[in-house]
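Here is a short note for someone opening this structure for the first time. Please read it with the model in view.

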Amino acid sequence: MKTVLRLLLWAAIAVAGIYFLLPLISTAEFSLSIRRDGYSLDAYRSVFSDPEFFATLGYSAVIAICTIIFGVVLVVPMAYFVRLRLPWLKPVIELVVMLPLVVPPIVLVFGYLRLFSSSSVLPLTSTEMGSNVLLVCGYMTLSLPYFYRAVDSGLQAIDARTLTDAATILGASPITVIRLVILPNILVSVLSGAFLTFAVVISEFVMASLLTRPAFGTYIQKVGVAQAYEPAALVILSFAITWGAMGMIQLLARFAPQRHER
């Protein structure tokens, strides 16, 4: 019986691997087939020679960093106070942070456009900076479930209450406790949430497109309108960046503190 279950498990893994890897392999093969006489890296050379590639990738990277900073400032204190001071509020907070998983991004961005259009009281979409702020807020909303879960898992792995009590006895304020005691102890979890956020932001298309921002996701769509092989190369590069972020999370997970039950 165990042998049968093991075989079924490996069969399921093989089917899942084929399901996820076959399209990626096909896309990679297509991106190398720009020449009829064999494979070449001409599509990748064309992408790297385009100044807009680096401009849009740099823009998305800056937006991702701003989103991560905003996420740390918002999520870490929220998760900390909910866990230690307001545990009765945790079910409500978890429900709220999970909403972005069921609300489509297009609904969220249309809400932004309606609330902050040029005819509203706060016309953020009228300026580039305002649109950038809306984009960061939108990306923070999209990444909130992943960031909150990562931070909450980090708080669960340490004895946050004992650390807080010790720091408070020594005269530390709540902000000082979070900044100098809690944050360093959950830094690996925060970095995991940061890499997840980066992966979400770097290739997002819907929000950036409707807010007319020069992001990497909109650049991929723009190239795909006029060219054939370069978009495939961009997709592979996007996968490489995303999987690089996932790999960093796995690497950091090895250094995360583990909670030992007594």
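Predicted model: local features only at pLDDT ≥ 70, side-chain atom pairs only at ≥ 80, totals over all residues.

1. Next, the cysteines. The structure holds 0 disulfides. The sulfur of Cys66 has its closest cysteine sulfur in Cys137, 11 Å away, and that is too far for a bond. A disulfide needs the two sulfur atoms within 2.5 Å. Cys137 is therefore in no disulfide either, as its nearest cysteine sulfur, that of Cys66, is 11 Å away.

2. Both cysteines can also be placed by accessibility. Cys66 is partly exposed, at a relative accessible area of 35%. Cys137 is partly exposed too, at 28%.

3. Now the largest nonpolar core. It counts 23 residues. Those with the most contacts inside it are Val75, Tyr80, Tyr148, Val151, Leu155, Ile182 and Ile186. Two or more residues come from each of helix 3 (51-84), helix 4 (90-98), helix 6 (128-157), helix 7 (160-169) and helix 8 (174-185).

4. Look at Val151 in particular. Beyond its neighbours within four places in sequence, Val151 contacts Val75, Val76, Ala79, Ile186 and Val190.

5. Another core, of 17 residues, lies apart from the largest one. Its members include Tyr59, Leu134, Leu135 and Ala215.

6. Finally, check Thr212. This residue sits in the loop between helix 10 (206-210) and helix 11 (216-226). Is Thr212 buried or exposed? Thr212 is exposed, with a relative accessible area of 61%.

How values were computed. Residues numbered from 1 in each chain as written. Heavy atoms only, no water. Buried < 20%, exposed > 50% of the residue type's maximum accessible area, 1.4 Å probe, protein only. Core = buried A, V, L, I, M, F, W, Y, C linked by side-chain atoms within 4.5 Å. Helix = DSSP H or I, 4+ residues; strand = E, 2+ residues; numbered from the N terminus. Contact = heavy atoms within 4.5 Å.
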